[in-house]
Amino acid sequence: MTAETVVGREPLAELSFEGGEAPPAPAVEAGAGARGRTRTRQALSVAGIGLYAGFFLLPIAFLVSLTFKTRDEVLLGRFFTDKPTLENWWKAFEVIHLTAFVWHSLLIATLSAVLTLIVAAPATYAVVRLRRGEFVGSLALSSYIAPPVVALLPLFFLMRWLGLLNSIPGMVLLYGFMNVPVAYWLLAGFVRKIPAALDEAAWIDGAGFIRTFVLIDLPLLVPGLVASGLICLILAYNEFLFASLFAQDESVRGLTVAISLFQGDRFVNFGQMAVASLVGITPIYVIALLFQDRLIGGLTAGGVK
Amino acid sequence: MSAAFSVILRGGTANRSAAAWLMLTPVIIGLLVFAVFPSVYVAGLSVTKSTLGQPFKAWIGLGNYRWLTVGGDSTFLPSLARAALFSFAVAVVELWLGLWLAVLLTSSRRAGRLLRSVLLLPLMTPPVLVGVAWKLLLAPGGGLVNGELLSLGLIDAPVSFLGTTPWALVSIMVADVWQWTPFVTLLAYAALRQVPDDVVEAAMLDGAGPASIFWRIQLPLTSHLLLAIFVLRLIMAFKVFDLVYVLTFGGPGNSTDMSGFTIWRTGLREFDVGLASAQTVLFAAFVSIVLLPLLWLHRRVEEHAS
């Protein structure tokens, strides 16, 4: 039996996590009173869910409403405005080099996520399936426990010595390796779900270990790689502490640093700040909404084994 | 036949190790550069007088540590305690709210599907922008919270939430809860779904209400997973920096100074890199001491559960 036929049988239907798509539990037959109670409960839980949704949406909705307000209207502290204006939108792009900042962030985040996967995927396979170097896995995970500020100053001196401060390759390397523990943790769940029999069959057929990994396991890991890659991309896009020290220069400055610098700027008002924030979050929100099943699958695969 | 098989197996074992170590090489290099080197370097810096321009200027032994513990410093040790208070508080609140929402979601799957997209928004928002959004919401002039409280007549004058003492820390906690409760919800929901449906249905048929189903079936069966979520959030909460930076910058006074931020300020605003390194070592030790018992407990519970 060749490897292709093994994969061709598509044995991994359960590999993709599904969040809420499961068919609803069969209704329990009960008396009219019980049914009434169930309906009340349903209504209560929908109301509860609505409250949560309001809480989660409010700050973002408020940002949206701010973008349509003039400086004077902002001070009223109301949600709605009588005279909406679009002035903030064009002014924000004029005052802030928004597109450049978002572009830097996206470029660094994407490249670093690719690097993270290239480093983490073979390593995860080696530990989980080949059962070698378990301590490397534990060390990677325990390095995640340490607050990042621990590495801030040493890496600053290292990057300065290497001439990597304020450079795109420097930030890509930094985030690429920094997110490896997260990717390892997420991918381990996906590797475990691939039946070991597949690898063993390939080994017995004479395929080498690396060949088996590349030809058999990698294609099956694609959902996991996409999910972990997106999560690492988002982590890199959102990072601030290292960026604020290593990527201050305008030529590499990303969104988070740019926004933080406008905090004290008198030329930027609340409305423009809100525009900048929303524009900055948009790429991530688009990714999140397009890939929500993958993302949720990835997040929960690591956390709940 | 069996001889050939054993040759393959023997060759296989050697190859297997070689292949595995080859695949592990990049991670090992990464760990040496990004984990081992910083730890050794920071420990080295902590026993010296160092600045950003001139690391390792002079050896001063345990001077930095003495200053931080029994010397005149009055900000660092409180910042450790505050970081612990913050982390436990937000982890508990997030687990509580997140679990509650997850239970609501299991009982109403259609609403859950709609809520899923909403849940992702706070989770994906850069913490810096979470800070900005809450700063705008809480602003004394123009913030929605003050505006609404004023128009409802609950307060007479705007409250400076980020500028007064208990409220500043509470505000950071609220922003953190806003950002991370969805994460806990998603994980808790996945955990709850591991409880077999028929167990819950059998209990319902026997007349158990939602409360007793939760306390007697769902909670005991998922406790090891929930503990893992709690520990994970605790680990993450100790890293808080962005929210402090944007919302309060440690103030008013030092009332929102948490170690991650304190270290940053010592090293990069006061340029005392040696002292910041000593703070870093103490912070890392403190976090480990707090987390190790929990990680140990988690391992015990997990062994018990499986």
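Is A:Leu198 buried or exposed?

Author: Happy to walk you through it. This is a predicted model, in which local features need pLDDT of at least 70 and side-chain atom pairs count only at pLDDT 80 or more, while totals for chains, interfaces and linings use all residues. Residues are numbered from 1 along each chain as its sequence is written, chains are lettered from A and ligands numbered from 1 in the order in which they are written, and side-chain values use heavy atoms, leaving out hydrogens and water.

Now to your residue. A:Leu198 has a relative accessible area of 8%, so it counts as buried (under 20% relative accessible area; exposed is over 50% and partly exposed is in between, with a 1.4 Å probe and protein chains only). A:Leu198 sits in helix α10 of chain A, residues 196-204 (helices are DSSP runs of H or I, at least four residues, numbered from the N terminus). Between the C-alpha atoms of A:Leu198 and A:Thr212, 14 residues apart along the chain, the separation is 9.1 Å.

Next, the two chains. In chain B, 104 residues are in contact with 103 residues of chain A, contact being heavy atoms within 4.5 Å. Together the chains bury about 9000 Å², with 79% of it on carbon and sulfur atoms; buried area is the accessible area (1.4 Å probe) that two parts lose on being put together, summed over both. There is 1 salt bridge between chain B and chain A (a side-chain nitrogen of Lys or Arg within 4 Å of a carboxyl oxygen of Asp or Glu). The partners are B:Arg116 and A:Asp293, at 2.3 Å from N to O. On the side of chain B that touches chain A, helix α1 (residues 2-46) of chain B gives the most, with 24 residues.

That helix leads us to the domains of chain B. An automatic or database assignment divides chain B into domain 1 (2-46) and domain 2 (74-305). Taken over C-alpha atoms, the centres of these domains of chain B are 36 Å apart. Here 4 residues of domain 1 of chain B are in contact with 6 residues of domain 2 of chain B, and the area buried between them is about 340 Å². B:Val42, B:Leu45 and B:Ser46 supply 96% of the area that domain 1 of chain B buries against domain 2 of chain B. Between these two domains of chain B, the rule finds 0 salt bridges.

Technical notes
Helix = DSSP H or I, 4+ residues; strand = E, 2+ residues; numbered from the N terminus.
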